[in-house]
Amino acid sequence: MSALDRWREELEGWAIPEEILARAPEDPWAFPAELFASKADAPPDDTPSRLRAVEALPEGGSVLDVGCGAGAASLALVPPARRVIGVDPLGQMLAEFEQRARRAGVSYRTVEGRWPEIAPVEPADVVVCHHVLYN
């Protein structure tokens, strides 16, 4: 079994049963935008992934942020990035992302939807996906 097949099988094992989802008073995968906004507003941490992304980015490069929330992952790469593309299934998260991208003075685009259903979006120099790949 390939690693991808094994990962898919593991994720399916974590799925919330449909009968429970149907009775839930709210979407268990939705989170308050304020949680993501506070992280995006904080100074970026020099994590290994951020340092590697900055190293890979050409000056004026672009970043595709899958599951962008308020933009903590992609906006932490400005500069050297000068264009950020945010993908998120929640319009409220994209509004937070747009607000912060404008404040950062970078070119931006938002795409509402789930990855990979909305792929391809547009080419980017670096792709980030923080805390959502498992979804």
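1. By about how much of a helical turn are E55 and R52 separated in helix α4? Being three residues apart in that helix, E55 and R52 are separated by about one helical turn, and their side chains meet in a salt bridge with N and O at 3.1 Å. A salt bridge here is a side-chain nitrogen of Lys or Arg within 4 Å of a carboxyl oxygen of Asp or Glu.

2. The model is predicted, so local features need pLDDT of at least 70 and side-chain atom pairs count only at pLDDT 80 or more, whereas totals for chains, interfaces and linings use all residues. Residues are numbered from 1 along each chain as its sequence is written, and side-chain values use heavy atoms, with hydrogens and water left out.

3. E55 counts as exposed at 62% relative accessibility, while R52 is partly exposed at 49%; buried means under 20% relative accessible area, exposed over 50%, and partly exposed in between, with a 1.4 Å probe and protein chains only.

4. R50 lies in helix α4, which covers residues 48–56 (helices are DSSP runs of H or I with at least four residues, numbered from the N terminus). R50 is buried, with a relative accessible area of 17%, yet its side chain forms a salt bridge with D46 at 2.7 Å from N to O, and D46 is exposed at 55%. Leaving aside neighbours within four places in sequence, R50 is in contact (heavy atoms within 4.5 Å) with P44, D45, A76 and L77.

5. D45 also forms a salt bridge with K39, the closest N and O atoms being 3.3 Å apart.

Note on methods:
Helix = DSSP H or I, 4+ residues; strand = E, 2+ residues; numbered from the N terminus.
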